[in-house]
Amino acid sequence: MSLNIRRVMPENKTIFGNRLELEKEIFSAVREVPNFPKEGILFKDINPIFQDSALCLRIIKHLAKHYKDKGLDAIVGVESRGFFFGFPLALELGIPFIPIRKKGKLPGEVIEERYDLEYGSAVIEVQSGALKNGDKVLVHDDVLATGGTALAAANLVSKSGAVVEGFNFIIMLGFLGGDEKLNPLNVNIYNLAVS
Ligand code: AMP
């Protein structure tokens, strides 16, 4: 069975890409799914990006170039779509990747953070000791929507004794104001694509 994956770097593109070029490509790859997972949500499906390995590689190389001199000690990625680019970015930077997961998925001692959703609340966890005191950490996720998840992830990093150095998202849904929720933390927010 052929997976029809594009492996070849297009001739006119550098391995790093620039942000505007990447933004255009990300938007043309991403599929918008109305009313998923519930009525009224326009879901950004990032899965088609993974079919284009050259684009994935340029996203990782671009982010690695952006973050390489920022003195990061670790990247935390938020379950589950924050793992796709968070982990290869950590590999590229040569620093640890720490998964933040939904309650009950991580073995051993954990630190948890509860946060409010539109209806009810959710709990995310990180393994105790995964982050070291004073570690400078980048919080990564695929999409910034209302900012609740990213803020909870940042609170978890702080509870672990580490320091949030910045946030990174592949796509920010600017009209939802998630960045305003994160601004009080006074750290850099870097998005590859903003809609
Ligand atoms: P929020 O806490 O509202 O910022 O939501 C962010 C989390 O929910 C991220 O982990 C995203 O993967 C997911 N998410 C929220 N809204 C969308 C959307 N419209 N399209 C894709 N993912 C979304």
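These legends describe close-up views of a predicted model.

**View 1. The open sheet holds seven strands.** Their order is E5-E6-E4-E3-E7-E8-E9, and the pairing is mixed. Strands E5 (110-116) and E9 (188-194) stand at the edges. Each has a single partner strand, so one side of each lacks a neighbour in the sheet. From one strand to the next, the twist averages 25°.

**View 2. Strand E3 pairs with strand E7.** E3 covers residues 74-78 and E7 covers residues 136-144. The two run parallel and are joined by four bridges. Ala74 stands opposite Val137 of E7. Helix H3 (residues 82-93) packs on the sheet. H3 touches E3, E7, strand E4 (97-102) and strand E8 (163-172). The direction of H3 makes about 170° with that of E3.

**View 3. The largest nonpolar core has 45 residues.** Val76, Val137, Val139, Ala153 and Val157 have the most contacts inside this core. Helix H4 (residues 148-159) gives the core its largest share, seven residues.

**View 4. Val139 and its contacts.** Neighbours within four places in sequence are left aside here. Val139 is then in contact with Val76, Ala150, Ala153, Ala154, Val157, Val164 and Phe167.

**View 5. The shell around the ligand has 18 residues.** Lys44, Ala145, Thr146, Gly148 and Thr149 come nearest. Strand E2 (42-45), E7 and H4 each supply at least two residues of this shell. E7 provides the largest share, four residues. By type, the shell divides into nine nonpolar, five polar and four charged residues.

Key:
Residues numbered from 1 in each chain as written. Predicted model: local features only at pLDDT ≥ 70, side-chain atom pairs only at ≥ 80, totals over all residues. Pairing = 2+ DSSP bridges. Axes fitted to C-alpha atoms, helices over the stretch in contact; angles between N-to-C directions. Contact = placed C-beta atoms within 7 Å. Core = buried A, V, L, I, M, F, W, Y, C linked by C-beta atoms within 7 Å. Buried ≥ 20, exposed ≤ 12 C-beta atoms within 10 Å, placed from the backbone. Near = placed C-beta within 6 Å. Nonpolar A, V, L, I, M, F, W, Y, C, P; charged D, E, K, R; others polar.
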